[in-house]
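Me: I would like a close look at one residue, and then a short tour of its surroundings. Please keep the sentences brief.

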Amino acid sequence: MATPVWADGPWPLLATPSKTQDVSKHASIYIANEMACAHNCMIRGLNSIYLQTECVKKPQDIKDFLFFIKSWADWVSDHHILEEKQMFPGFEKVIGTAGFLDTNVEQHHAFEPQLKTLLEYAIHTNHVDYDAATVCRIIKEMAPCFHRHLSDEIDSLLSMQPYNGAALLKVYKHCVAEATKQDKQVVPPMVLGLRDVTFERGSQWPSLPLMAASCLWQQQPANLNAVKPLYLPEYEIIHNVISSTSGAVEIPALLKEQAPPIAEEPNRGTMNYSKPPVAVFAVALYGDEEIDEMRQACQGISSIPWLKMDMSVPKPPLGPGYAEHVVQRIKECMKKIEAEGKLEQDGVWLY
């Protein structure tokens, strides 16, 4: 049996400041730590592309791989544009020294041509013309400067400790909010896939808010894999229920923070049962009788909202756009529940 090769090489991951410093001591340490975690995701992406170039052979695998390369290169490029246009100027305004982070910008420009070449290759190459050697060559040309920059930038951020931490943190959080405007169906799932919670004996970056931790989804599972990304980054579909009968057994266990009984059919949720669910989402398949059956089984232990579709509200026909419409309605309903301070109250809400 072949020894598995992980994405922590050939270019090594960065040590995170939190392992040697107190991130609460100054905002710059916190910012540097967050950035180191993001940079490690970028390095894992770089490594995984490099390691898999010659492994993809089937046409569909090559198409998927090229999409992954494009998504990764887009993400890295957008990240550096955000730094140059908003984050670094914002930090320098707080610091009071123009050009304080110019070295980091210059490093961007050193590997930018290769990153652009990689992106263009992923966009314009079809599966027939895919050449592993070409991708490897581009990666090898880019990697040394790219990796050096990712490492050096952490030191640059740590050097901001003499300056106003609250103001620096405000700039950083604004940029984080801007970053969340990227394609939610691509970037969040990719970043979560590139993180490694076992690195340095445990890291939960990115720390997801409670609403993103876990929720339940109830419907026939045929297309669930395609729908799950639509809920990110706010929600994670941890479990799907295929009938009210199974839901009456499985949901009570989840509400008790226990793994549900093993079902005959594989579950298509993430099965991340480390956190309790924050809501139950029921699609049009479930009517009042089915929901009542499941809620009855959860009597006395449910302290979360149950959402069911308001059938009086117009919706598009099944097909393109239907899932997006339903998910948007669910998210809007959850925002309303949160605004009313009822996230920890049992009850049925129409979306």
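Is I62 buried or exposed?

Reply: I62 is buried, because its relative accessible area is 7%. Buried means under 20% relative accessible area, exposed means over 50%, and partly exposed lies in between (1.4 Å probe, protein chains only).

First, a word on the model. It is predicted, so local features need pLDDT of at least 70 and side-chain atom pairs pLDDT 80 or more, while totals for chains, interfaces and linings use all residues. Residues are numbered from 1 along each chain as its sequence is written, and side-chain values use heavy atoms, without hydrogens or water.

Now back to I62. It sits in helix α2. Helices (H or I, at least four residues) and strands (E, at least two) are DSSP runs, numbered from the N terminus. Leave out residues up to four places away in sequence, and I62 touches V56, K57, H127 and Y130. Touching, or contact, means heavy atoms within 4.5 Å. Compare I62 with G9. The two are 53 residues apart in sequence, and their C-alpha atoms are 22 Å apart in space. G9 has a feature of its own: the peptide bond from G9 to P10 is cis, with omega near 15°. P10 belongs to the segment before α1.

Y130 is one of the residues with the most contacts inside the largest nonpolar core, along with W72, W75, F91 and F146. That core has 60 residues. A nonpolar core is a set of buried Ala, Val, Leu, Ile, Met, Phe, Trp, Tyr and Cys residues joined through side-chain atoms within 4.5 Å. α1 (27–52), α2 (59–95), α3, α4 (132–158), α5 (165–179) and α6 (187–194) each supply at least two of its residues. The largest share, 14 residues, comes from α2. In soluble globular proteins, nonpolar side chains tend to be buried together.

Setting aside residues up to four places away in sequence, W75 touches A38, C41, M42, Q182, V187, M190, V191 and L194. Apart from this core lies another, of 20 residues, including L230, Y231, Y235 and F281.

K331 lies in α11 (residues 322–339). K331 counts as buried, because its relative accessibility is 10%. Beyond its neighbours within four places in sequence, K331 is in contact with L230, Y231, L232, E234 and Y235. Q328 is also in helix α11. But Q328 is partly exposed, because its relative accessible area is 39%. Q328 and L230 are 98 residues apart in sequence, yet 8.7 Å apart in space, C-alpha to C-alpha.

The chain then reaches Y351, in the segment after β5 (347–350). Y351 is buried, because its relative accessibility is 6%. Its C-alpha atom is 5.7 Å from that of R329, which is 22 residues away along the chain. Not counting residues up to four places away in sequence, the residues that Y351 touches include A282, V283, L307, V326, R329 and C333.

Go back to H108, in helix α3 (residues 102–124). H108 is buried, because its relative accessible area is 2%. Leaving aside neighbours within four places in sequence, H108 is in contact with H80, E83, E84, F88, H149 and E153.

One more helix deserves a look. In α9 (residues 244–255), 10 of the 12 residues are buried, so the rest of the structure largely encloses this helix. Among the buried ones are S244, G247, E250, P252 and L255. The expected span is 1.5 Å times one less than the number of residues. After α9 comes E257, whose phi is positive, near 60°.

Finally, the whole. The protein has 11 helices and 5 strands. Its C-alpha atoms fill a box of roughly 65 × 55 × 45 Å along the principal axes. Of its 351 residues, 47% count as buried. Of its contacts with a separation of 6 or more, 74% join residues 24 or more positions apart.
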